[in-house]
Amino acid sequence: MQLAIEGTGLRKTFVKKRSIRELVTRPFRAPQRVRALRGVDLAVERGEIFGLLGPNGAGKTTLLKILSCLVLPDEGTARVEGRDVREERLVKPRIGLVNSDERSFYWRLSGRENLRFFAVLYDVPRERREARIEAMLRRVDLVGAADRPFSDYSSGMKQRMAIARALLHDPPILLMDEPTRSLDPASSLALRRFVLEELRGRDGKTILLATHNLKEAETLCDRIAILVRGVVREVGTVDAVRRWGVRDRVFTVEVSQWPNVLGRTYRVLAEDAAEGGRRVRVALSEGQRLDRLLRDVLELGVEIRGCDRVEPDLEEAFARILEAESGDSGETAP
C-alpha cells in the first residue's frame, strides 16, 4: 500500500540571521549555520492522523515546509502520495497547509474575497469557484461573517478560515501546524471535534499534525513521532510512546491503612489520605505481581477498598525523552 507521506534521510541547514549590529561590528565573520533536520525518516499511512511533537526548535515547521514545497531538503527525499516534493506541480494539488500565521491572509479583504484569491492560486476551476467557496464557508460555519473584513475576525474565526482555505481544492492530505495555538479552550475543543468528525471521519483526509499540545495529540492522533533537535527519537502509537523508558507497572491501592513493613518489599511512589484510610501509589518491578501484593496486604489484616492501574503519562514520557537528549548540542531549528 502506497504511503500518504514518506521521508527518508531528510536534512536541512539554514544560515542563522545576523543582526544589524553584528553586520556592522563583525562584517567578515563567517555566518553561523543551524541544522534544522538531521536525517529524518517519516512514514504516514493514508487516512491516519499522525502527530509530530517536539519542543521549540525541534524542526517540525521545517519538515512541514519541505512537505508543502516551500523549501527543499539539502539531502534525502520526501514524497507525497509517491510524488517527490521537487515536482511541485504534482505535489501541491495533493496537500493543504493549515497554519496559524494570520499574516498570510489579506486583512483588508473580506473572508469571501480572501477565498476567491486563493481559489485562483489553487487552480480551482472558474465554473466551480463560487460554489466551492460557499460550501467551505458553510463547512467552517462562517457564512454569516463571510463579507466582513478579515481584520474583524476573532482568533477562532481566523483559524477556521485557514481550514477553509486549505480545503478549497479538496486535497487528500492536510498539513496542520499548531492549529489550536492562541485559541481559547472552547474553540480548541470545537476545532478538534471538527478534525475528528469532519476531516477524518467524513472526508477521510490524511492529517499530519505538528503540535506542542500533548493532550491534543492524545485526543486526535493514531500515531505520533517525537522530534528532538532535528531527529525523530521515538515513533509509535500514543500508548506505545507513553511507555517509553517505563519498566515498572504502577498501581494505586486504597486501603484502610498502609503498614510500613510493606515498604521493605514494594516501592511506594506516593501516599496520601483517602476517606477513612490511605491512597498509596506502588511501583511493581519486573518479577513482582499484583496478586502477591494484594495477598501481602490482606495477610496483615488491612482492608483493600480499591485498586487501579496507573497508565503512563504522555507528558512524563515526553520529558523522559527530552532528558535522554539533554547532553546533545543546543542547536535549534526554525
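In which loop is R229 found? R229 lies in the loop that joins β9 and β10. The legends below describe this residue and its surroundings, together with further views of the structure, which is a predicted model.

**Figure 1. The whole chain.** The overview shows a chain whose secondary structure comprises eleven helices and 14 strands. The C-alpha trace spans about 80 × 55 × 45 Å along its principal axes. The radius of gyration of the chain is 25 Å, whereas a compact globule of 334 residues would have a value near 20 Å. Of the 334 residues, 43% are buried. The accessible surface of the chain amounts to about 17800 Å², and carbon and sulfur atoms contribute 47% of it. When contacts between residues at least 6 apart in sequence are considered, 71% of them join residues at least 24 apart.

**Figure 2. The open sheet of six strands.** The strands follow the order β6-β7-β8-β3-β9-β10, and their pairing is mixed. The edges are held by β6 (95-99) and β10 (231-237); each has a single partner strand, so one side of each is left without a neighbour in the sheet. On average, neighbouring strands of this sheet are turned by 15 degrees against each other, direction ignored. Strands of a sheet pair through backbone hydrogen bonds, in either the parallel or the antiparallel sense.

**Figure 3. Strand β8 and its two partners.** Strand β8 (residues 206-211) pairs with strand β3 (residues 49-53) in the parallel sense, over five bridges. Within this pairing, G51 stands opposite L209 of β8, and L52 stands opposite A210 of β8. Strand β7 also runs parallel to β8, and five bridges join the two.

Figure 4. Six of the six residues of β8 are buried, so the strand is largely enclosed by the rest of the structure.

Figure 5. Helix α6 (residues 155-167) lies across β6 and β7 (173-177) and runs at about 170 degrees to β6. Helix α11 (residues 314-324) lies across β3, β9 (223-228) and β10, and its direction makes about 35 degrees with β9.

**Figure 6. Two residues with positive phi.** Most residues other than glycine have a negative phi. R229, although not a glycine, has a positive phi of about 50 degrees; its place is in the loop between β9 and β10. C69 likewise is a residue other than glycine with a positive phi, near 70 degrees. C69 belongs to the loop between α2 (60-67) and β4 (75-80). With a relative accessible area of 10%, under the limit of 20%, C69 counts as buried.

**Figure 7. The open sheet of four strands.** The order of the strands is β12-β13-β11-β14, and the pairing is antiparallel. At the edges stand β12 (267-274) and β14 (304-310), each with a single partner strand, so one side of each is left without a neighbour in the sheet. Neighbouring strands here are turned by 20 degrees against each other on average, direction ignored.

**Figure 8. D296 in helix α10.** D296 lies in helix α10 (residues 290-299). This residue is buried, with a relative accessible area of 17%. Apart from neighbours within four places in sequence, D296 is in contact with L262 and Y266.

Figure 9. G245 is placed in the loop between α9 (238-242) and β11 (249-255). Its relative accessible area of 48% makes G245 partly exposed. From C-alpha to C-alpha, G245 and R29 are 43 Å apart in space, and they are 216 residues apart in sequence.

Technical notes. Residues numbered from 1 in each chain as written. Predicted model: local features only at pLDDT ≥ 70, side-chain atom pairs only at ≥ 80, totals over all residues. Heavy atoms only, no water. Pairing = 2+ DSSP bridges. Axes fitted to C-alpha atoms, helices over the stretch in contact; angles between N-to-C directions. Contact = heavy atoms within 4.5 Å. Buried < 20%, exposed > 50% of the residue type's maximum accessible area, 1.4 Å probe, protein only. Rg over C-alpha atoms; globule rule 2.2 N^0.38 Å. Areas by Shrake-Rupley, 256 points an atom, 1.4 Å probe, with all protein chains shown as cover.
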